[in-house]
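Take a look at the model first, then read on.

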Amino acid sequence: MNTKAFQKIYTKIENITKATCTIHAEGVANEEMAYVDGRPAQVVKIKGQQVTLQVFPGTAGIKTNSEVVFTGKAPTIKLSDDLRGRFFNAYGDPIDGGAPVDGEEVEIGGPSVNPVRREQPSQFIPTGIAGIDLNNTLVTGQKIPFFADPDQPFNQVMADVALRAEADMIILGGMGMSNDDYLYYKARFDNAGALDRIISFINTTDDAPVERLLVPDMALTTAEYFAVGKKMKVLVLLTDVTLYADALAIVSNRMDQIPSKDSMPGSLYSDLAKIYEKAVQFPDGGSITIIAVTTLSGGDITHAIPDNTGYITEGQLYLRRDTDIGKVIVDPFRSLSRLKQLVIGKVTREDHPQVMNTCVRLYADAANAKTKQENGFDLTDYDERCISYASDYARELLAIDIDVNATKMLDTAWDILGKYFKPEEVGMKQSLMDTYWKGN
Amino acid sequence: MSTKGKVVGVVANMVTLKVDGPVGQNEICYIDLKGVKLMAEVIKITGDTVAVQVFESTRGLYVGCEATFEDRMLEVTLGPGMLTKIYDGLQNDLEKMEGVFLTRGEYTYPLNADQKWEFKPLVAGGDEVEAGTWIGEVLEGWLPHRIMVPFDLKGTAKITSIVAAGAYLSKDTMAVITTADGEEITLTMEIHWPVKKEIRAYKHKPRPFKLFETGVRTLDTLNPIAEGGTGFTPGPFGAGKTVLQHALAKNAEADIIVMVACGERANEVVEIFHEFPELIDPRTGRTLMERTVIIANTSNMPVAAREASVYTGMTIAEYYRSMGLKVLLLADSTSRWAQALREMSNRMEELPGQDAFPMDLSAIIANFYARAGFVELNNGSTGSITFLGAVSPAGGNLKEPVTEATQKAARCFYSLDQGRADSKRYPSIHPLDSYSKYAEYPEVMEYLNTRLQPNWSEMIVEMKDILLRGKEAKDQINILGDDSVPVEYHVIYNKAEVIDSSILQQDAFDSIDSSCPIERQQYMTNIVMDICGHSFDFSGYEEIGGYFRKINNVIRQMNYQLFQSDKFNELEKELQALVAEKKIDLTAAEKRADELLELAEERAGERVAQ
């Protein structure tokens, strides 16, 4: 850390906790960056002359006479086209062995978009995965997480989505990512030859947890640079937001704040919203779409992290192992894309909304029939047909290894419906039945 | 000389100031950060140390920044030009802000400064006036917008002078009045009013008695809300709270809609901006936007402004109510408002209540809901605010402080059910868990029976009974199996399904089905209840499901057709033919015998229960 002129330097630390230290200082600004013994830190509290700093890498080894240097500015990142294909840590320093990137220096975590300047999202993002495109259609400017247990293949699915979705730029924000997963993403992106449209900010489990707090802002400020300045369609991948929230809890705990539900800070909703609401469709074509991962513990979505996330994001995607077909599927019951109404039946074929609903309704009937079967009851003919339908539906449409276009998905759905049901059992609008019905 | 202060501490958006003069609780001040003025509200005073919540990001704020106090509370500017506007929580006109991103410290004028309004006086010199008296009107788009005497006038006053009819700016002097004490007050078209204080310029607030038509069947038919009533919709995420709020904003029969997006998704608000100017209100032929005011304080906007946003919305609604209008206020979601209260209480290091919410949460919520209502104004006309708040219970669990506090305050409870949402039965309002206290008001029952048909209330009770018995039958079928229960169980379950499929479920995205006028609801309810009243001839349970699915399908098709169009009538004939296939016409004697049997069974059941 080279000091420059006009920087305030102090050498008397009064108070040190695991994550923070307090010094006597003057004229320091809220959220200003500083270096404590060369480690990045940020002002989180000012009380008269007492300034509390959150030291990102932790305070182990810091002495009461360590040097504290204030930079006079909030955390920043240098933005330019040279970021493409590069891997950075939470501070924006390269971790791929390359040279530091020079560019326009911008404060991270900048202001919000004026809601009236937002455009209504209207561009369909095809992923080829029918469980997503048919039932949970994604739209540019959307924010949506995978709710997944740690053992589920969410990283693979995310990488698939990232590489298949037609985005101009992909920004990966890794928080508490295992080194293996980091290398997995790196290899996938490399093999796909897509590295020049990917930028990564990675905090691995080797790094200090509090550093993670910078990752979303780094990734999203970079996304804004490309989406606003270069009118690009930017896709931001954030994984794992649960670990980000855990870091928030650590900090709030160290600052003696009263925890609310599940030991999370009371401001968790606002903290998460600040990140997710960066997803936007700009009027002049650029957009930021966020796909995140929130890992659950034992599938519990009532925990404060997934619960608050659900209220913020525009839907959620669940993966589930379907034992009937022996594959992982996108769960049609619990998954939801709230923005799908903006494109289905408009950008996609007119029958999309009703086909989607009918298929899911019949899949629910099949689930009821299965419960009956498990309880040892006789099944009606309708029950039997529902069960056969469910297995076809799961295999040909819900499995995550499906890769087809939206029109083909609808045709497949009509095929399956026609195979097992009578027209009056599907309960769709007559005009659609007249055009698309394939059964008897 | 206004009071000044200096920043001495900063934690997130709570700032402490040392002040040099008198300050008031909830007083507004501006903190000067290198030329940028940050608005803040006083929340706690200890000697000369004052804690304020800043309505903006506090990044860069440092010890020594100067603050200037305004000697007023947080207030809104009320006057013509609010319709079609999109405000933030502090009533800044978002359209007037430049750039794609919000700029800290930018505050915009909420009305139209340069627009001239065609003023028509309604009183003359010498007339006696009181708070809220309509002294004139201007045409705000389609609305005769009443220019009123400020609501804080005590007692009566006399008009000293009033301008002649003509075009004026909203800041121009319209009249001068002299109070009983001889004080002269100048009136413009604008009224400034502190948002946390109710506008009480009315004679009295009677109990609501009229049906407030929303066009949503499961509300109007099953659990109606009264005009001037309050209700809330708790539901886990994904249950359809926002879709329901939007459906209400589109279809409810109100003169004015005030929508508060309080800490919710920006894209949902964008949907309204884009749709409402296009959608036509069938009752008036004008676009929906022309009757709408939007307060958009989305979740990424500062927390303190979120807290203010619900009050801003309520105050604007009260202003229009004072003009004798029927206002619908929608707030999505009040849980975010409660969370804003929690964040602040937490920063002030107050002793927390349950789930770290402030202790007085329930009082604050009750107080807010109480501001809605049906009022009779001093001039004899009536106005109303019907208020529906969305609640987002943590973890979907209704046993949490915000839901519990709201349940005490609101009269209608519309519980959005995860199970219904999962099986795509929308709107997912649970028919049996939900309730409307108004349905039990004798005046509401009388109103419905007079307006619709004499046995209406009775019929709806019967409908709920069938739904309940259908649910019980379903449980039995699930436990015992299809063939181990009497065929009657399958029939009653399927009758409940007919009600569910044709009355409760409604397609919010279909141009026809999305809005169902009460007359149509009445017509369909009679058809459905007629079917439910029949006995049917089935040889075994196997044929029941299929038969009723056919019936449901025909009624669904009817719901998609224009009311009483040829196609609709054709489908109705088809339906009657279908019903005739299986129904049994009982003779009067058989019916009587059946009833006696049922009665006997019930008594037997009661004896067992005892």
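## How much area is buried

Between them, chain B and chain A bury about 6400 Å², and 52% of that lies on carbon and sulfur atoms. Buried area here is the accessible area (1.4 Å probe) that two parts lose on being put together, summed over both. Three residues, B:Arg59, B:Phe237 and B:Arg265, supply 14% of the area that chain B buries against chain A, more than any other three residues.

This is a predicted model, in which local features need pLDDT of at least 70 and side-chain atom pairs count only at pLDDT 80 or more, while totals for chains, interfaces and linings use all residues. Residues are numbered from 1 along each chain as its sequence is written, chains are lettered from A and ligands numbered from 1 in the order in which they are written, and side-chain values use heavy atoms, leaving out hydrogens and water.

## Who touches whom

If contact means heavy atoms within 4.5 Å, then 72 residues of chain B are in contact with 77 residues of chain A.

There are also 34 residue pairs in polar contact between the two chains, with both residues at pLDDT 80 or more. A polar contact is a pair of N or O atoms within 3.5 Å; within protein, one must be able to donate a hydrogen and the other to accept it, and residues adjacent in sequence count only if both atoms are side-chain atoms. By class, the side of chain B that touches chain A has 29 nonpolar residues (Ala, Val, Leu, Ile, Met, Phe, Trp, Tyr, Cys and Pro), 21 charged (Asp, Glu, Lys and Arg) and 22 polar (the others, Gly among them).

## Salt bridges

How many salt bridges does the rule find across the interface of chain B and chain A? The count is five, taking a salt bridge as a side-chain nitrogen of Lys or Arg within 4 Å of a carboxyl oxygen of Asp or Glu. B:Asp482 forms a salt bridge with A:Lys372, where the closest N and O atoms are 2.4 Å apart.

## Strands that pair

Strands (E, at least two residues) are DSSP runs, numbered from the N terminus, and two of them pair if DSSP finds at least two bridges between them. Strand 5 (residues 39-47) of chain A and strand 1 of chain B run antiparallel, joined by three bridges. There, A:Ile46 stands opposite B:Val10.

Strand 14 runs parallel to strand 16 (residues 233-239) of chain A, with six bridges.

Definitions and conventions:
Helices (H or I, at least four residues) and strands (E, at least two) are DSSP runs, numbered from the N terminus.
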